[in-house]
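Thanks for coming. I will walk through one structure this morning, a piece at a time, and take questions at the end.

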Amino acid sequence: MSHPLMKYLREDWMPTLLCPGCGDGTVLQCLLRAIDNKKIDIDRVSIVAGIGCHARLGTGYVAADSMWTLHGRAFPIATGIKLVDPSLQVVVLTGDGDCGSIGLSHFVHAARRNIGMLALCFNNSIYGMTGGQVAPTTPRGTITKTTPYGNLEYPMDLCSLAQTAGASYVARWTTAHPRQLTMSIEKALGKNGFSFVEAVTQCPTYFGKYTLQSTKASDILRWFLRNSVSIQQSKKLNPEQLAGKIVIGEFVDVTKLELAEQYQLQLKKKDGNWK
Amino acid sequence: MTQVLRKSTLLQGNEACADAAILAGCRYFAGYPITPATEIAERMASRMPEVGGVFIQMEDEIASITSVIGASWAGAKAMTATSGPGFSLMQEGIGLAVMTETPCVVVDVQRLGPCQGFATYPMQGDVMQARWGSHGDSRSNIVLAPASPQEIFDLTIEAFNLAERLRTPVIVLSDEIVAHMRERVIIPRIEELSLESRKEAVAPNSEFKFHKVSGSEISPMPRLGSGNRLNIVGHLRTEEGRVSMPSQNVPQVAFKLLSHLADKITTAEWEARKIKTLFAEDSRTMLISYGSTSRTVESAVKEARRAGMKVGCARLVTLWPFPEDQLQALLKDVDHVIVVEMNLGQIVDKVREVVGPGGRVTHVPKIGDLHATEELLGCIKKVAR
C-alpha cells in the first residue's frame, strides 16, 4: 500500500538526495498533509524555492507546479506570480540562509506588502547543502566549518522579523512538534495575506555533529523538545534564561488587506483612489 | 485604453518605451527607481491600470527582474527597466531567465559608469555586459540598440515579439540621450502590428514535455496553474526537461542544454538582426556606430558626402547576436572602417574580428557626450584622403 501522501510526490524520483535523519522530509510531509486536509487543488498550487536542502526537496520531488530558482529570490518570484494570478495558492519554501541571509530584504518586503503566500521556512540553523557553514541562525559559540574557533555572532529571530515587517500570520514549531506544525500550516494556508511558518528542523550531518556531538536525528529531536518553550512560558523568563531556547507557538494572527486583492480592487475603481 | 487610430505624437524616448510595451501586450512591469530610466516606471505606474495590467515598485533590481520571471510564468508578458547599476544587479535574474527559457524584456538605459558614474550623463558602457553579464557562458540574450524615440518604440515591440517567440530575455539597450530626447513618434494602430503571442497549448498532465531540450526547437510554455505540474529549474536539466542527476553524464547533458540555448537564438530567422546603412554602395570609408552615437555620425557622413568624399555609415540595430555576416558583406570592399562609440572601446573588437588582420580600423572613443560632427569629420578626412 502506498503512502497516503504519495499522490503529491514523484515516486519515480525517490530516494531523495537528502541525508539520513534529515528533518526536511518531516516539514514537507506537514505541508502536504495540510494541503490534503484543506482539500486544496494541487494543480492550483505554485511552489517557489530558492537554494538549499529544502529547495532541492520541495521542488521536483513534489508533483505540483514548482520553481527551483535563485538563492534568496523565491519571494520576488512568488510576488510576480501572485500579482498576475491572485487565484493561485503560492507557497514559498525557504531556509534560514535563503531567507535570513541572502534573501533577507525580499523576505521583509514580502511580509511588509502582505502579499498572499505561505512562506515555510526550514530552519536547520546551518548551511547544510554547502557542507556545514555558519548561518545567521546558528547559536553563539557553535563550531562550524567557517567558525572553527566558535561563532561570535548573535543568532537572528526570523519570526520576530516577520512580525515586525507586518506578516498576517507567524508561527514557529520544530520537527518534534509535527501536529502543531501541520495545524499552523493549515491555518497559514487559509490566511489571505503573508504567512510565515518557521519549522526548526534537524540537520544531523552538520548541526547535530557540531552542537550536540551526535549525528542521530533522535538526539536532536529530544534536544528540540528539551529546549523549546511556549510563548506563554517565555514571557516568564529573563533574557539569560531565554538564551538558546526555541520559543514555539503562534506569534501573529491578524487580518489585514492583502496586496494582490487590493491591486485588483484598485483597478476596478474609476478614480483609482483607495483607502 | 488601447490605441485605435494611428497617431503622431511628441514623446520622450522613455515614454515611447512604456507606450510600446503596453501596445505589445506587456501586462506586468516591476522596477526600481533609477536615473535615467525612471520615466519608464512612472509611465507604467500610471498607464498599466488602464489596461488591467500590474505595476509594482520592488525593493531592488534583483527583485524586479525575478518578479518579472514569476509574472511571465504566471502567463503575463512582462518587463523591467533600469540603468547600469541596476543592470549589474539584474544579471543573476537574467541568467535564470536564460536557463528557464522565460520570455521577458529588460530595458537598460545606459549611463556614465562604472559604479555610480554620473547618473545624468550618457555612455554606451553596457554593450558587453548586455551579452555576457550573466555567468556560466550564458549567451541567449538578444540585444537591440535604438537610436531615436521612434526606434525605442519599434524595438520595444520587436523585443516582446522576439522574447515570446524564442523564449528568452531580450534587452533594449537604450541610453540617456535617446531616452530623454523628445521627438515625433508615429504610433501605429494595433491592427497594423504583428504581435507574437505565447504558445501555451499543452494538454494538462503532459508532465515535463513542455521543457524539452532539443536542438533549436522551442517548446510551448504552459502557465503555472494549468494542470501541467511544471518543474521549472535554474539547475541543469536533461533532454526530457528533468533535473539532471549526478548519476547521469553531466558534461554531455550540459553540452546539449547549452547548445540548445545558444542555437535557438542563432538559427532562428528573425528580422531584427539588421544593419541600417547610408551611402553604403560606393563608400571607401565606413563609419560603424549604434544607438545615439549614430546620430552625429549620420550628419558627419552627409557633410563629408557633400564635400565629395566616398564615405558611408552603418548602424547596428541588433548588437547581439552580432550581425557578423551582414557586416562582413558590407565591409568587403571598404578601405577603412571607423568605429564610433561612446566608451573606451567595446564593439570595436568585434568589428576588428570581422574585418580581419590587415584591415584598417580606427576607433573614436568618447565618454559622456555625443561626438561632435566636426570631430568626426576631422577623423574622416584623416583616413579618407
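Let me start with one pair of residues in chain A: A:Val91 stands opposite A:Leu118, which belongs to strand E4(A). Before going on, please keep in mind that this is a predicted model.

E3(A) and E4(A) run parallel and are joined over five bridges. E4(A) also pairs with E6(A), again in the parallel sense, over seven bridges. On that side, the bridge partner of A:Leu118 is A:Ser195 in E6(A).

Is E4(A) enclosed or open? Seven of its seven residues are buried, so E4(A) is largely enclosed by the rest of the structure. In a regular strand, side chains alternate between the two faces of the sheet. In E4(A) both faces are covered. One side has A:Met117, A:Ala119, A:Cys121 and A:Asn123, and the other has A:Leu118, A:Leu120 and A:Phe122, all of them buried.

Helix H7(A) covers residues 178-190, which is 13 residues. At 1.5 Å a residue, the helix should span 18 Å, and its end C-alpha atoms are 18 Å apart, so the two values agree. Which residues of H7(A) are buried? They are A:Leu181, A:Thr182, A:Ser184, A:Ile185, A:Ala188 and A:Leu189. These cover an arc of only 165° around the axis, which puts them on the same side of H7(A).

Now to the contact between the two chains. Chain B contributes 34 residues and chain A contributes 31. On the chain B side, the elements that each supply at least two residues are strands E2(B), E3(B) and E9(B) and helices H3(B) and H4(B). H3(B), residues 61-73, gives the most, with nine residues. By class, the side of chain B that touches chain A has 20 nonpolar, ten polar and four charged residues.

There is also strand pairing from one chain to the other. Strand E2(A), residues 65-68, pairs with E9(B) in the parallel sense over three bridges. Within that pairing, A:Met67 has B:Ile232 as its bridge partner.

Staying with chain B, how is it divided by the domain assignment? The assignment gives domain 1, residues 7-192, and domain 2, residues 275-384. Their C-alpha centres lie 27 Å apart. In the contact between them, 22 residues of domain 1 meet 20 residues of domain 2. On the domain 1 side, helix H5(B), strand E6(B), strand E7(B) and helix H7(B) give two or more residues each. The largest share, four residues, comes from H5(B). That side of domain 1 has 17 nonpolar, three polar and two charged residues.

Last, some backbone details in chain B. The peptide bond from B:Gly113 to B:Pro114 is cis, with omega near 0°. B:Pro114 sits in the loop between strand E5(B), residues 104-110, and H5(B). B:Cys115 lies in that loop between E5(B) and H5(B) as well. Its phi is near 55°, a positive value in a residue other than glycine. Is B:Cys115 buried or exposed? B:Cys115 has 8 other C-beta atoms within 10 Å, and a residue with 12 or fewer counts as exposed.

B:Glu101 also has a positive phi, near 50°, and is not a glycine. This residue is in the loop between H4(B) and E5(B). B:Glu101 has 21 C-beta neighbours inside 10 Å, and the cut-off for buried is 20 or more, so B:Glu101 counts as buried.

A cis bond also runs from B:Trp320 to B:Pro321, with omega near -5°. B:Pro321 is placed in the loop between strand E13(B), residues 318-320, and helix H10(B), residues 324-331.

That is what I have. Questions, please.

Methods: Residues numbered from 1 in each chain as written. Chains lettered and ligands numbered in written order. Predicted model: local features only at pLDDT ≥ 70, side-chain atom pairs only at ≥ 80, totals over all residues. Expected span 1.5 Å × (residues − 1). Arc of directions from axis to C-beta. Contact = placed C-beta atoms within 7 Å. Nonpolar A, V, L, I, M, F, W, Y, C, P; charged D, E, K, R; others polar. Pairing = 2+ DSSP bridges. Domains from an automatic or database assignment.
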